[in-house]
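Hi,

Here is the structure I promised to pass on.

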Amino acid sequence: AKPRRMVGKLLTGISTGTFKPHDDYLLHFDAARPSEYLYWQEGRWPANVSLVHLYWHTHHAYVDDLWAVSAGAASLQLRRLFGGMFSNLTAKGLDVHSAQRLILAQLSRAQSECVACASPPLLRCSLDPDRWEVEGDAARSHYSRYRAPHCPVWDVVEGEPFTLLAFHKLQPQGAL
């Protein structure tokens with residue numbers, strides 16, 4: 001029989017010294033002057049585990065997508081591309097989708113360099129985009145609802161790097 005792997009709960013919090021543990025303290029959403037942002041955080045797995053369910057705590061009106069990647073920030077060149085963990089994409093002449101394309105290109109490069117690695121760099125999970133319900137007049141009545149991302153089982157090894165990326169922009173449904 002295959003040995004059982006540990007089961008647990010991974011909780012992530014944003015802790016950057018003087019900032020409270022929440023990424024939207026640095027984000028400004030103004031419908032008249034919309035800005036788009038990237039926040040990323042990396043870590044290393046504290047144990048050998050199998051991730052069978054991920055939970056995203058989001059404020060849907062401002063979150064475009066969330067990614068879990070089995071690679072460190074250095075492999076994705078995040079500091080070189082975006083600076084620190086909080087990046088105003090609009091101020092850099094980017095938007096969420098162009099930032100995602102840059103990250104996916106770096107992920108592809110990291111994959112090609114991973115010849116015999118035990119855990120290849122992959123986009124392991126992302127937010128379910130179908131997270132709105134319509135009630136009444138569809139033009140004015142969008143309500144965000146929790147939608148669990150249905151991701152494949154992710155077996156991780158203690159010490160392996162991972163990166164969580166949050167792409168923020170005002171969502172049309174949330175602005176109603």
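Below are the notes on the fold and the disulfides.

This is a predicted model, where local features need pLDDT of at least 70, side-chain atom pairs count only at pLDDT 80 or more, and totals for chains, interfaces and linings use all residues. Residues are numbered from 1 along each chain as its sequence is written, and side-chain values use heavy atoms, with hydrogens and water left out.

The chain has 2 helices and 9 strands (DSSP runs numbered from the N terminus: H or I of at least four residues for helices, E of at least two for strands). Their order along the sequence is β-β-β-α-β-α-β-β-β-β-β. Of the 176 residues, 39% are buried (under 20% relative accessible area; exposed is over 50%, partly exposed in between, with a 1.4 Å probe and protein chains only). Taking contacts (heavy atoms within 4.5 Å) between residues at least 6 apart in sequence, 80% join residues at least 24 apart.

Now the cysteines: there are 2 disulfides, each a pair of cysteine sulfur atoms within 2.5 Å. One joins Cys114 to Cys117, with S to S at 1.2 Å. Its S-S torsion is about -40 degrees, so this disulfide is left-handed. Cys114 is buried at 18% relative accessibility, while Cys117 is partly exposed at 36%.

In the other, the sulfur atoms of Cys125 and Cys151 are 1.6 Å apart. Cys125 sits in strand 5 and Cys151 in the loop between strand 7 and strand 8, so the pair ties together parts 26 residues apart in sequence. Cys125 is buried at 4% relative accessibility, and Cys151 is buried at 18%.

Best wishes
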